Each structure stands twice: as structure tokens, then as C-alpha cells.
Amino acid sequence: MNKPLRHVWLVVSVLFVLLFTSTTYFQVIAQDRLNANGQNLRTTYNEYGRHRGPIVVDGEPIATSSASGDTYGYLRSYDPGAMYAPVTGYYSVVYGFSGIERALNDTLSGEADALFYHRISAILSGEQGRGATVELTLDSAAQEAAWDALDGRRGSVVALDPDTGAVLAMVSSPSYDPNRLASHDTAAVQDAWSELNDDSDHPLTNRAIGGDLYPPGSAFKLVTASAALETGDYTAETVIPGPGTYQLPNSSAVMNNHAAGGTEPCGPDDESTLAEALRQSCNTSFAQLGVSLGEDQLAQTAQEFGFGRRLEIPLSVTASSIGSDLDDAQLATTSIGQYEDRVTPLQMAMVAGAMANDGVVMQPQLVSAVRTNDLSTVAELSPTELGQPLSASNAAMMREMMVGVVEDGTGTAAAIDGVEVGGKTGTAEWGDDRAPHSWFVGYGQQDDQKIAVAVLVEEGGYGSRTAAPISQDVMEAVFTQ
């Protein structure tokens, strides 16, 4: 081989090596980075060009995909949109996705590992690939009742099946129309996004499981009472102090016995039974009870109810919490649901659910089943125990006390004829010159059917007047089906 040919061969060899190296780098090493690049339109079109599976409630789709006739291939639609938006989330070509759309993206798009053989079957048969159907646990009647009862007020309602952990209702208000974010009109989507993010009521936040958590107020007395029963030193008939006022230990602050500053004592001689203290929602009784129990006992019981745990249902749930390293004054206010207590409505529904389920807290779950388009089942809800803060006998005692609250206490507005209803109201202070948050946390049981409910209305005032009637509406929707 002469010298010029050797030079040509060398140059060609070097070019081949460079081409092979660059191809290997971009196809293998840099593949994930390039696919994740927001400017890679090929990836965008591939993602949004799939026929996404529907999201279904009670057999009816609430999120569907249809051919769009544009470069994206398919358009996501939601009906009814706002009522379910905090659960479904949105699927946007501009801002990505949230809610179930995000948590189960691989399942809805058909890319999940569990759908591998289904994808192969579709390829071999020449059919277009489709994502799986996600069936939610939500009860459409309970969801609609909660949505209508909140009537646009800031707040949330969560309802659970105490036996399985299935989420029967999850409403966050105010909400938003996810169709505006799913549009393929980029300018309109950007305008909607700016409007929603500038809204001081934060409609994009799912108040049921996240955002700025809430003090539970007197609804937390259910946890304090449970902690007392579990020590073995207390029963529903144990007499505890309940003076009209209580000087907080090592503090100049004085706690009044009732909401709005009422100083009436609980019972003659400034004392009453534990059941009577819960029925009347006596602050001084539960503040002193919490101090007597100690921080460790209260914190342990709260943890067994689920406090401190980040849950995936599959939506991510912010952990509820109480303060730590408390002095006695702080422990006293913690025990009545104030100080640094911060909870989600889901967590408080779990508290009520444990009472109705013989003391066992079940893992909340939003998905009842995943099925392929030929109705093959990929996954189904499997009830899972999360903890047991109460023995069955103590849970029965708590139910008896909670029924007393609804029959002849602060929760009478939640009562339903022919249904065993127990609960606890809450009026949670949270800021100077701000109306308190309104709570009702309780359960209902008729024959073998059960429901646990937590209602939160921001700045709604007395729980007995605002939250309890909403709980009644939701429970009635379930029991009258």
C-alpha cells in the first residue's frame, strides 16, 4: 500500500472510530439526559402521543384521552373536572402532570413493568398500544355530597372505609378545572397557570393531604383520650378535673374551659368523667390529662395513629405532627390540639377510622384496581394494617364516648336517624384576629357498612355549626345508596 492510500485509510479509520464513539455516547450514555431535556420535542411528542388509559370512578371515566388531530396525538379531558381535580391532577403538555396522573404515569401511559406482556401482545397483534385503566376507590355519591356541602368554601373533606382503608371521598376546595391546563393551546395554558398560581386561595393545593397543615383543635382530644385509655389507668367513667380556668404550669397564661372564652366548669366540684369531658369538650380537663400522661405516652399514641409518617396512597401525603421536647404548658395546649399540632384531614379521618375498626388503623388507598383494555386485572386493592393505637375494648369505649358527643354534646348536627354516629368537633385557633378553623371528625355505622369522615372548613368558626352538618351530608350519601 503506497503512502497516499495509507493516509486515506488512516483518516477513514479515525472518522469511523469517532462516528462509532459519538453514536454510542448519544445512544447509550447520554440517552437519559437527552430524553429528559425539555427542548427534546421528539420525547415530548412520544410522551403525549400515547393513548393514555382512563381514570374511573364507579365505572364511569372521569379522565379520558381522545385523538387531538395535532402533533401531540391525544388530548386529555376531565369530566367533571374541578370536583375530582385534587385527586386526578392535570396532564399538561406545558407543565407536566400532577395527582394520579403523575403518581401512576407509567401505568396510565402503558409503560409500567407490569404491563410488559400486554405491550408485547399489542405489538404482535398489530394493535395500537393503550395505557391501563385506573379504577379509584372513590364513591361518587360521597364525593358529590362533600363537594356540594363545602360549596366553594376553603377546606377539605376526607371519607374512608375503616375496614379496608379505601378512600371514599377526597375533596379540596376551592379547586380548578384541569381541562384548562390540559389544552394544547400553549398561550391559554400559560394564562391559566399564572391565574391559578396567583390566586391567594391556592386552588392547586390538595388541602386533604398537603399544603399548610392545620391545628386540629379539640378534634385532637380523641388522640389524648385514646392515650389515656391505653395506659390502663383510665376508663370512660374515670373522674378527672375540669375547672372553669386552668393556670398553665410555669406560665402566666390562663386557659379557659370552653371555646370563645367560656369558663363554666365541667361538672359539680370542678370535675367530671372522661366521657363527660369529651362530650362537653372541656379544655381544662384534657390539658391536665395530657400533662398527667406525659409527652412520651401522647407522642407514642399519635405515632401509632399515623402521625410522623409520609404516606403514598399513591399520592404523597405530608406527615402530620405534634411538637417535641415540650414543657408542661406546651404539653397542655398540645393535648387540646393547639401549640404545634399540625394535621391533614386525611390523618384525622384515619383517627376516626381506627375507632370504628376495633383500634386498627388501615393504610389509606385511592386505587381499587388497575386493568388493561381487555379487562385483565393487573393489580387490586389489598387492605394493609398501618398500626393499632387502641385495643379493641378501648376502641369500643371510645366509640361509646363519641356517640355521646353526637347524641347529647357538641356534635348533634352530625346525627343521622337509624345510624350509629360518633364524633368530635373542633374549633381550632390559628392566628390573631382570624376566625378559627372548623372541624368534625367521626364515624358512622349501619349494619356492616362503615364510614369515617374528617371535615375541615378554614375559618369556619364552631365545628358544631359548620363542619358537623357537612359530615352528616357525606355519611347520608353513603348510607342511603
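1. A disulfide (a pair of cysteine sulfur atoms within 2.5 Å) joins Cys-266 to Cys-282, with an S to S distance of 1.5 Å. The torsion about its S-S bond is about -90°, so this disulfide is left-handed. Cys-266 sits in the loop between β11 and β12 (271–273), and Cys-282 in the loop between α12 (274–280) and α13 (283–293). They are 16 residues apart. Helices (H or I, at least four residues) and strands (E, at least two) are DSSP runs, numbered from the N terminus. Both cysteines are buried, meaning under 20% relative accessible area with a 1.4 Å probe, protein chains only.

2. The model is predicted: local features need pLDDT of at least 70, side-chain atom pairs count only at pLDDT 80 or more, and totals for chains, interfaces and linings use all residues. Residues are numbered from 1 along each chain as its sequence is written, and side-chain values use heavy atoms, leaving out hydrogens and water.

3. The largest nonpolar core has 91 residues. Such a core is a set of buried Ala, Val, Leu, Ile, Met, Phe, Trp, Tyr and Cys residues joined through side-chain atoms within 4.5 Å. Helix α16 (residues 345–356) gives the most to this core: nine residues. Ile-100 is among the residues with the most contacts inside it, as are Phe-305 and Trp-439.

4. The lining of the largest pocket has nine nonpolar, 18 polar and three charged residues. Here Ala, Val, Leu, Ile, Met, Phe, Trp, Tyr, Cys and Pro count as nonpolar, Asp, Glu, Lys and Arg as charged, and the others, Gly among them, as polar.

Key. Buried < 20%, exposed > 50% of the residue type's maximum accessible area, 1.4 Å probe, protein only.
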